[in-house]
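The sequence and the model are shown first.

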Amino acid sequence: MNYSDYNGLLPENLLPDEASPRWNNKGDNGWQLIATTMVGMQSVPGLVILYGSMVKKKWAVNSAFMALYAFAAALICWVLWAHNMSFGTRFCPILGKPGFALTQKFLLPEYGGFYVPMADYVYYEFVFAAITVILLGGSLLGRMNFYAWMIFVPMWLTFSYTVGAFSIWGKGFLEKYIIDYAGGYVIHLSSGVAGFTAAYWVIDMDTQYPSMYNTCFFVGPRQSHDRQHFPPNNIIHMLGGAGFLWLGWTGFNGGSPFAANLIASLAIINTHICTATSLLVWVSLDMVVYKKSSVIGAVQGMITGLVCITPGAGIVEPWAAIIMGAMSGSIPWYTMMVLHRRSALFQSVDDTLGAFHTHAVAGLLGGLLSGVFARANLLRMMYPTGHYSHGIIQMGYQIIGAAFIIVWNVVVTSLICILISRIVDLRMKEEDLDIGDDAVHGEEAYALWGDGEKIPVPIRWQMAPRIPSMCRRLK
């Protein structure tokens with residue numbers, strides 16, 4: 001049929017034309033663009049605000065800027081090579097061939113069997129990739145050299161994230177066996193494990209190889225007084241950032257079917273049911289054990305609920321979402337509030353925002369529970385070509401997938417840290433750690449008159465240029 005053949009059969013606003021071909025479903029396309037924007041707003045401004053307000057005042061600017069930089073850097077890497085490494089032509093069982101995602105020939109045709117342009121798919125998967133590396137950064141706040149972070153982001157995205165995405169979501173060896181609806185493994189387990197690995201690097205080196213530690217080959221922990229006293233600088237803003245994160249998850253899980261269909265609707269309601277349950281369970285445990293309800297605890301419980309439901313949001317029933325919420329509000333609470341304080345390993349690793357507990361533990365929990373609660377009819381609707389099993393067999397697949405993500409991220413993150421440490425210090429200088437934002441960026445979060453200044457601070461363009469530590473290291 002020609003475009004003119006549709007005259008009289010459809011409302012004028014639904015008629016196909018050159019800018020909206022017959023395969024383009026305007027409803028699905030519109031929802032996908034909205035969902036993608038909501039996921040993007042989880043990072044910018046969501047995590048920018050959350051990180052900038054959840055840390056100590058002297059690290060507010062640095063923490064927020066780490067998130068903002070990662071979002072921008074991830075986008076350029078994504079369209080230049082990383083998208084095709086994650087979802088393009090198969091190069092090997094765990095990786096696709098790198099390639100550009102920049103031409104209209106690539107971006108404007110129909111995406112697969114869905115009724116949206118490929119451009120929707122490229123951008124949607126980018127915001128997933130960006131939030132993953134930003135979540136990882138939550139483990140490293142308050143001491144990582146910003147120049148090292150600038151190198152770390154594209155390297156980790158290229159050599160770690162793309163492998164997980166291709167293996168489970170792309171055309172990799174786990175694609176037809178692992179249930180990971182929207183990223184419990186690809187996003188949350190990988191970011192939690194990688195962040196913990198990067199933060200772990202100094203454990204043995206600090207005591208066994210102090211000379212190596214002193215040369216800043218490792219990220220290491222925050223300064224002792226920062227680690228012991230690290231209050232949020234603005235709890236109200238922290239709640240605002242958390243709100244962007246929670247409501248943005250509507251697009252995170254609701255956009256994964258790439259259609260405004262039944263699975264999207266179920267995923268959205270399950271997301272909020274699980275999150276609310278998890279938050280209430282976490283706060284209840286705080287009140288029972290510590291006799292006080294904690295706002296920070298409520299935010300942590302919210303995050304674990306969001307993470308736990310992610311791998312099964314559109315393929316489990318709402319009653320299962322309540323069970324998953326109860327478990328995500330209690331098991332990560334136990335690992336963070338009890339096990340963390342008793343374990344020598346957890347005590348020696350400085351995971352600034354507890355990303356291991358809120359993302360790795362909750363993501364692993366969600367992946368395993370999704371294998372238990374996934375419904376066969378919903379799996380067929382979401383994955384028509386999947387070879388999914390049930391019960392013990394599917395649980396075995398889920399464990400294999402989790403083990404692959406954990407091992408890959410531990411090894412690759414370690415190698416990336418080693419390589420970067422040969423180029424630039426991973427850790428800030430001690431004098432910069434003493435001061436914080438003003439030493440690192442020449443800016444402060446709250447520029448109130450008389451706020452601790454002993455001498456007038458020169459305007460930025462009046463300051464003498466300072467050679468970056470990266471350049472000094474290479475001399």
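## Basis of the model

The model is predicted: local features need pLDDT of at least 70, side-chain atom pairs count only at pLDDT 80 or more, and totals for chains, interfaces and linings use all residues. Residues are numbered from 1 along each chain as its sequence is written, and side-chain values use heavy atoms, with hydrogens and water left out.

## Two helix pairs

Helices are DSSP runs (H or I, at least four residues), numbered from the N terminus. Axes are lines fitted to C-alpha atoms over the stretch in contact, with angles running from 0 to 180 degrees between N-to-C directions. Helix α10 (residues 235–254) and helix α12 (residues 295–309) have axes that come within 11 Å and cross at roughly 10°. They are therefore roughly parallel to each other (angles under 35 degrees). Contact means heavy atoms within 4.5 Å; among the residues that meet are W246 and W249 in α10 and M302 and L306 in α12.

The axes of helix α11 (residues 262–290) and helix α13 (residues 318–342) come within 7 Å, crossing at roughly 40°.

## Salt bridges

Side chains of opposite charge can pair when their charged atoms come close. A salt bridge is a side-chain nitrogen of Lys or Arg within 4 Å of a carboxyl oxygen of Asp or Glu, and by this rule the count comes to four. One of them joins D350 and R143, whose closest N and O atoms are 4.0 Å apart. D350 lies in the loop between α14 and α15 and R143 in the loop between α4 and α5, so the pair ties together parts 207 residues apart in sequence. Buried means under 20% relative accessible area, exposed over 50%, and partly exposed in between (1.4 Å probe, protein chains only). D350 is buried at 2%, and R143 is buried at 0%.

R375 and E317 form another salt bridge (3.1 Å, N to O). Here R375 is partly exposed at 37%, and E317 is partly exposed at 27%. In the salt bridge between K429 and D425 (2.8 Å, N to O), K429 is partly exposed at 30%, whereas D425 is buried at 5%.

## A buried residue without a salt bridge

D437 lies in helix α19 (residues 437–441). D437 is buried yet has no salt bridge, and the nearest side chain of opposite charge, K57, is 7.4 Å away. Lys and Arg count as positive and Asp and Glu as negative, while His and the chain ends are not counted. Leaving aside neighbours within four places in sequence, the contacts of D437 include K57, W59 and E443.

Key:
Parallel < 35°, antiparallel > 145°, perpendicular 65-115°, else oblique.
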